[in-house]
Amino acid sequence: MNISVILPSINRINILDKCLNSLFNNSSQHNIQIVLITEDINTKNFIESCTYKKDSFEISLAFQEEKRGYMGAWNNGLKYIKHDVVIPIGDDGLLQPNALDKILDKYNSFGSGIIGFNDGYIPNE
């Protein structure tokens, strides 16, 4: 399935790296577009932290000039998405194994709508 992930980051490369790895480890069956939104990070460091897995993902970098927080960044990210399923996540968010599959199972059972998270991930059932 095709998924767009909107991911704001606030100059925390080491935390962002862990978040991206949790996405990469969930992606074996999915085509994922990651829209990275940032306000104040050094572009070179940001891109270097993300490109090591760029072959298996489509990564877009978008700058947000004014500080609008996570909600503003997620709203800004909607301009760049390409897929019907959109997952907003913060740079400090970690997806548990199989989290994307569980999100998509819920999405497919309803056909559309909003799926919320409990404590940052979907727990094992």
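Two strands pair if DSSP finds at least two bridges between them, where strands are DSSP runs of E with at least two residues, helices are runs of H or I with at least four residues, and both are numbered from the N terminus. The model is predicted, so local features need pLDDT of at least 70 and side-chain atom pairs count only at pLDDT 80 or more, while totals for chains, interfaces and linings use all residues. Residues are numbered from 1 along each chain as its sequence is written, and side-chain values use heavy atoms, with hydrogens and water left out.

**Exercise 1.** Determine which strands pair with β2 and how enclosed β2 is.

Step 1: strand β1 (residues 2-9) is joined to β2 by eight bridges and runs parallel to β2, with N2 opposite N31 in β2.

Step 2: β2 also pairs with strand β3 (residues 58-63) in the parallel sense, over six bridges, and here L36 faces L61 in β3.

Step 3: seven of the eight residues of β2 (residues 31-38) are buried (under 20% relative accessible area, with a 1.4 Å probe and protein chains only), so the strand is largely enclosed by the rest of the structure.

**Exercise 2.** Describe the surroundings of N76.

Step 1: N76 belongs to helix α3 (residues 69-77), and it counts as buried because its relative accessibility is 6%.

Step 2: once neighbours within four places in sequence are left aside, N76 is in contact (heavy atoms within 4.5 Å) with I37, F63, Q64 and R68.

**Exercise 3.** Characterise the backbone of N98.

Step 1: N98 is in the loop between β4 (85-88) and α4 (99-110).

Step 2: although N98 is not a glycine, its phi is positive, at about 65°. Most residues other than glycine have a negative phi.

Note on methods: Buried means under 20% relative accessible area, exposed over 50%, partly exposed in between (1.4 Å probe, protein chains only).
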